[in-house]
Amino acid sequence: MSTKVRVNLREMYPKYYNQDCFVEVDQDVYETMNKYDHIDAVYKRKVDYHKGYFSLDRSPFLELEKEGFDVNENLLLKELIHQELISFIELTIKDLPVKEKERILKKYVQCKTLESIAIEENCSIPAVYYSIKIVLEKIKEVLIKNGYDIND
């Protein structure tokens, strides 16, 4: 007889469950769920990596050089816009719920891995991954809504 494991579906699927929903499942079922979540997360990271890899292939000032603009003047403008964007992202993060704010700061400010965050918070790695992904989507929506070009 296999042992039962108590699972919080909100931690595993934060996109679909807004409140805690505890379910008891067999250990084998729980391991299968984690295995497929892991496979899905690896695939998404691989796709994100390759998108980033190919985006590094272009020069951000290529269009400006073709038009005859002075790139140095535009670098100063880009730097000002970059500083404004960072301050806007900081304000957006301050408005997030406490748990999401903690996770995004642990990941990107303290440079912790998803595994170490999951161990600290006593939850699964996919739960941390999806929570951070949802926060990034929220930040992206706010930036688009306020007129920022997220491709730069």
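Mentor: What follows is a close look at one helix pair and its salt bridges. This is a predicted model, in which local features need pLDDT of at least 70, side-chain atom pairs count only at pLDDT 80 or more, and totals for chains, interfaces and linings use all residues. Residues are numbered from 1 along each chain as its sequence is written, and side-chain values use heavy atoms, with hydrogens and water left out.

The axes of helix H5 (residues 98–108) and helix H6 (residues 114–121) come within 10 Å of each other and cross at roughly 140°, where helices are DSSP runs of H or I with at least four residues, numbered from the N terminus, and axes are lines fitted to C-alpha atoms over the stretch in contact, with angles from 0 to 180 degrees between N-to-C directions. In the contact (heavy atoms within 4.5 Å), Lys99, Arg103, Lys106 and Lys107 in H5 meet Leu114, Ile117, Glu120 and Glu121 in H6.

Arginine 103 and glutamate 121 form a salt bridge at 2.5 Å, N to O, the term meaning a side-chain nitrogen of Lys or Arg within 4 Å of a carboxyl oxygen of Asp or Glu. Arginine 103 lies in helix H5 and glutamate 121 in helix H6, so this pair ties together parts 18 residues apart in sequence. Both arginine 103 and glutamate 121 are buried, that is, under 20% relative accessible area, with exposed over 50% and partly exposed in between (1.4 Å probe, protein chains only).

Lysine 106 also forms a salt bridge with glutamate 120, their closest N and O atoms being 3.1 Å apart. Lysine 106 is buried at 14% relative accessible area, whereas glutamate 120, at 44%, is partly exposed.

Technical notes
Helices (H or I, at least four residues) and strands (E, at least two) are DSSP runs, numbered from the N terminus.
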